[in-house]
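I opened my notebook to keep track of what I look up in this one.

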Amino acid sequence: MIVGLCSSYLEGPLVQGAVRSLLAACDRVVVFEGPAGPPLEEDVPKSDFTEFDNSLERPFLEVHDGHWKTDAKKRTAMIESLRPFTEPTWGVWIDGDEVLCQPEYLRDWLNFFDWKEEETGVKNMGW
């Protein structure tokens, strides 16, 4: 299981590219939308998820709106969202203004690291 984690806040249409790139690589995508710290008071475009409203990918996309006191608390909540998965789970993490480059190869890389771990017994966390 590969879960895409996206931290987003007022990204406008940029978040669509982030989500699309994660959907191309992941079994599920979870977006955490909201400030980490004080909210911005500037006139900034809200993150736009409308592209996915009627798409076939929507069942694989969750958007959690919230407000976190710090970036560390927001990112901890993102990692904790992986706990319900009982099978081995990889999380891939990007921000809402980023894209995962060459997402079609992510599963191949993760298989490589799983096989390497089996062979050597050394855990491959944090790659």
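This is a predicted model: local features need pLDDT of at least 70, side-chain atom pairs count only at pLDDT 80 or more; totals for chains, interfaces and linings use all residues.

**Entry 1: helix α2**
I started with what α2 packs against: its buried residues pack against β1 (2-8), β2 (28-33) and β4 (90-95). I'm using buried for under 20% relative accessible area, exposed for over 50%, and partly exposed for in between (1.4 Å probe, protein chains only). Helices (H or I, at least four residues) and strands (E, at least two) are DSSP runs, numbered from the N terminus. Residues are numbered from 1 along each chain as its sequence is written, and side-chain values use heavy atoms, with hydrogens and water left out.

Which residues of α2 are buried? In this helix, residues 71-80, I found Lys 74, Arg 75 and Met 78. Looking down the α2 axis, I see the buried residues fall within an arc of 95° (taken from the directions from the helix axis to the C-beta atoms), so they line one face of the helix.

**Entry 2: salt bridges**
How many salt bridges does a search of the whole structure find? I got 5, counting a side-chain nitrogen of Lys or Arg within 4 Å of a carboxyl oxygen of Asp or Glu.

I looked at Glu 51 and Arg 20, whose side chains meet at 2.6 Å, N to O. Glu 51 is in the loop between β2 and β3 (61-65) and Arg 20 is in helix α1 (residues 14-23), so this pair ties together parts 31 residues apart in sequence. Both ends came out partly exposed: Glu 51 has a relative accessible area of 34%, and Arg 20 has 43% relative accessibility.

Then I checked Arg 28 and Glu 62, a salt bridge at 2.4 Å, N to O. Arg 28 belongs to strand β2 and Glu 62 to strand β3, so the pair ties together parts that are 34 residues apart in sequence. Arg 28 is partly exposed at 24%, and Glu 62 is partly exposed at 27%.

Is each one buried or partly exposed? Asp 71 is partly exposed at 37%, whereas Arg 75 is buried at 18%. I also noted that Asp 71, Arg 75 and Asp 95 are linked in a network of salt bridges.

**Entry 3: nonpolar cores**
Here I looked for sets of buried Ala, Val, Leu, Ile, Met, Phe, Trp, Tyr and Cys residues joined through side-chain atoms within 4.5 Å. The largest nonpolar core has 19 residues, and those touching the most other members are Val 19, Leu 22, Cys 26, Val 29, Val 31, Val 92 and Leu 106. Two or more residues each come from β1, α1, β2, β4 and α3. α1 gives the most, with 5 residues. Apart from this core lies another, of 7 residues, among them Val 3, Leu 5, Val 30 and Phe 32.

I picked out Val 31 and listed its contacts (heavy atoms within 4.5 Å). Leaving aside neighbours within four places in sequence, Val 31 touches residues including Cys 6, Val 19, Phe 49 and Leu 61.
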